[in-house]
Amino acid sequence: MNGNSIVLDTNIILYLLGGNKDLFSILNEMELFVSVISEIELLGFKGLSQSDKKKINLFLSECTIVPLNTEVKDICITIKQKNKSKTPDAIIAATALYLQIPLITADKEFEKIDSLDLFLYQF
């Protein structure tokens with residue numbers, strides 16, 4: 001991966017889809033990676049309108065979706081053994097660690113995960 005790549009947490013994607021211009025400026029021209037878990041969280045929302053589904057799918061088509069593979073699973077298990085992280089968060093963090101690129105999130109819970117290159121977004 002190059003220095004212009006980043007993993008997006010689900011909350012960051014929601015802010016982007018909501019029109020957050022600051023985030024757009026920060027992430028413009030970057031190679032965006034999304035855990036399959038975030039894809040599930042976004043598209044699995046009950047009552048999602050067809051318009052929202054289309055908007056989410058269009059955004060995700062511009063990203064690289066990272067599947068849950070053996071390496072991500074093993075890193076996730078290690079994270080869960082060391083922390084009280086929720087499984088979806090542990091998988092998203094493990095994805096960033098596996099790819100060896102930063103994770104951007106607004107969730108301070110990720111700060112407790114060792115070795116995670118974290119960009120904590122605050123607005």
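Residues are numbered from 1 along each chain as its sequence is written. In this predicted model, local features need pLDDT of at least 70, side-chain atom pairs count only at pLDDT 80 or more, and totals for chains, interfaces and linings use all residues, while side-chain values use heavy atoms, with hydrogens and water left out.

**Stop 1: the sheet.** Show the strands (DSSP runs of E, at least two residues, numbered from the N terminus). Five of them make an open, parallel sheet in the order 3-2-1-4-5; two strands pair if DSSP finds at least two bridges between them.

Stop 2: Select residues 5–8 (strand 1) and 103–105 (strand 4), which run parallel and are joined by two bridges. Which residue of strand 4 is the bridge partner of V7? Look for L103.

**Stop 3: a helix across the sheet.** Helices are DSSP runs of H or I, at least four residues. Select helix 1, residues 10–17, which lies across strand 1, strand 2 and strand 4 and runs at about 95 degrees to strand 1. Angles run from 0 to 180 degrees between N-to-C directions, with axes fitted to C-alpha atoms, for helices over the stretch in contact.

**Stop 4: two helices together.** Select helix 3 (36–43) and helix 6 (87–99), whose axes are 8 Å apart at an angle of about 135 degrees. I37, S38 and E41 in helix 3 meet P88, I91 and I92 in helix 6, where contact means heavy atoms within 4.5 Å.
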